[in-house]
Amino acid sequence: MRWWEALPWLAGIAAYFLFPNYLAFGTQVLITILFALSLDLVLGYAGILTLGHAAFFGAGAYTVGMLALHWGWNEPLSGLLAAAIVAGAIGLASGLVLLRTHGLTLLMLTLCTMALLEEGANMASAYTGGFDGMPGLKYAPLLGLFPFDLLYFRSQYVYALALLFACFVVVRVLVHSHFGLSLTGIRENVIRMHAVGAPVRARLVTVYSVSAALAGVAGALFAQSNAYVNLSVLSLERAAGVLIVLILGGYGRLYGAFVGAVAYMVLEHALAKAYPTGWQLGVGLALMVVALYARNGMLGLADALRRRLRGGRGR
Amino acid sequence: MDLTSILLGGLAAGMVLFIVSVGLSVTMGLMGFVNLAHGAFAMLGGYAIVLSMSGWGLPFPLALAFGFAAVGALSVVLERLLYARLYRASELDQVLFTIGLVLVTIAAVTLTVGPETQTLVLPEWLRGQTDLGVVRYRTYSLMLIAVGAALMVGLWLGFERTRLGAQIRAAVDNRRMAESLGVNVRRLFTVTFALGSGLAAVGGGLGAEILGLDPQYPLRYLAYFLIVVAVGGLGRVSGVFLAALLIGLLDFVLKIQFPKGGTLFIYALTLALLLWRPHGLFGRRSG
């Protein structure tokens, strides 16, 4: 545990007091951080390249939405749990089948799985509201005490922050455990891991399912905080968006999700509405530059800078 | 619509997919490079063709040649300057780079030309219908089928009978061995990439009436091109041909019969096919 690991949480708490008018936006940032964290587990640590992670985000969102709309189940915390279970189950099922392949084939399969879910949701419009989605979802007060709907930004923000913290603790423990270290081994040299006798596929499927469950929690939070779910939660835009966020911040190092989400969403909020085409151009250019020169994102650049500043003192 | 019309319509759509995707399949099989920006070359070619016809009054065949040459030249520049740096990079970096390139291309086209759909104005001799004896069908679609078939034959001959084709086939099967036999693989990459992108450009222009032509084209059809390439097998021209016809036909038929569930079937089919044969229907593991 290093001292600066407390900084993101202090910043999160400070934001509550410093930006009282932006707490709804802040909740969305927290949700994106959680989503990016889940992607970091599969992409940054296990090395599974997926363009379909929104499948689990959407699964979580629709679970919460359908529970609230059709079965009147609107207790927030149990809704989260249901979303995590459903998303995790989909992750387990698809992981068992998909993770036999790799490379372009795996990429295509993750895309197809997500597209299947999206089309399925579109077709089952009686349950999901189809293209229009499910607006106006209502939720019961959290723990019976705190009122919880669109108007109560403050309680939603605190709720999201607490959940992010809990999930982050899980991820951090996982990543620093033997399990997490073996994932790095699998990512770097899978043949050797097989030779050493590591249960490669079991590990990959496990981390894929855990990541899916976390993405599902993020999706559930999305449905709860926006009181609205539509097909965009399962779209390629959302999957590509979270990938961009993670890469820009730096993958494989947990805090890249924080940095990337804050930077991307703040910039998007400021620029995208005013100059939508310019924003697209900028994001495209940034991606090209990152792919060519700054593979480890913003945190990687910060590392390189720190090393260069320290290099002067000799090692 | 009767069966023959449906069949012809689907074949035409499949041919367009083939013309655009064959370049992607060969370059991915040859270079192992995940190029998600291939659709952008098709779009740029389409714009070049349509705009040269409307702006400069070029006749249709000349406009096609112009599109081929212009996009081919552009792709050589991009390949030498940017793509070549990422040949040894991870798949993730390649995906990121090409997604970035797509976004930049879409934004650039939106900013210079505008977000509207461009319409292809067909020359006189391609409009209307042609009577084939058995059936009357749109001349344009028949032309597409003919061009696609001719391209397939031409490519097959090119791969089987020319030295360049042999070199490409060798490098796709086993790049290192080909290099040690004296094949200049780097130059092969550039040539193949240029040819592939040029073909995509022609496909983008030819297919403008079926697939449409607007700035969102590369992203909208990315999944289709990737599906055709993955199902057909990387680097297998005959595989891409059959996969493109299959997907084009299926999509066409399903959109008419089941407007709501058609795309779902294609994704499910792709999923099943790739799980059964991860290297594509006709691909095989390369060395």
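Chain A of this predicted model contains 14 helices and 2 strands. Its radius of gyration is 20 Å, close to the 20 Å that the globule rule gives for 315 residues, so chain A is as compact as a globular protein of that length. Along the principal axes, the C-alpha atoms of chain A fill a box of roughly 60 × 45 × 40 Å. Of the 315 residues in chain A, 49% are buried. The contacts within the chain can also be sorted by separation in sequence: among those between residues at least 6 apart, 77% join residues at least 24 apart.

Chain A also touches chain B. In this interface, 30 residues of chain A are in contact with 34 residues of chain B. On the chain A side, at least two residues each come from α5 (103-123), α11 (236-249) and α13 (276-293). The helix that gives the most to this side is α5(A), with 13 residues. Sorted by class, the side of chain A that touches chain B has 20 nonpolar, 8 polar and 2 charged residues.

Within chain B, one pair of helices shows how two elements pack. Such a pair is described by the angle between the helix axes and the distance between them. Helix α11 (residues 237-257) of chain B packs against helix α12 (residues 262-276) of chain B at an angle of about 150°, and their axes are 8 Å apart. Angles over 145 degrees count as roughly antiparallel, and α11(B) and α12(B) are therefore roughly antiparallel to each other. From α11(B), the residues that take part are B:I247, B:L250, B:D251, B:L254 and B:K255, and they meet B:G262, B:F265 and B:I266 in α12(B). By class, this contact has 5 nonpolar, 1 polar and 2 charged residues.

Another helix of chain B, α6 (residues 163-173), can be read from its buried positions. These are B:Q167, B:I168, B:A171 and B:V172. They cover an arc of only 130° around the axis, which puts them on the same side of α6(B). What lies over these residues?

Methods
Residues numbered from 1 in each chain as written. Chains lettered and ligands numbered in written order. Predicted model: local features only at pLDDT ≥ 70, side-chain atom pairs only at ≥ 80, totals over all residues. Buried ≥ 20, exposed ≤ 12 C-beta atoms within 10 Å, placed from the backbone. Helix = DSSP H or I, 4+ residues; strand = E, 2+ residues; numbered from the N terminus. Arc of directions from axis to C-beta. Axes fitted to C-alpha atoms, helices over the stretch in contact; angles between N-to-C directions. Parallel < 35°, antiparallel > 145°, perpendicular 65-115°, else oblique. Contact = placed C-beta atoms within 7 Å. Nonpolar A, V, L, I, M, F, W, Y, C, P; charged D, E, K, R; others polar. Rg over C-alpha atoms; globule rule 2.2 N^0.38 Å.
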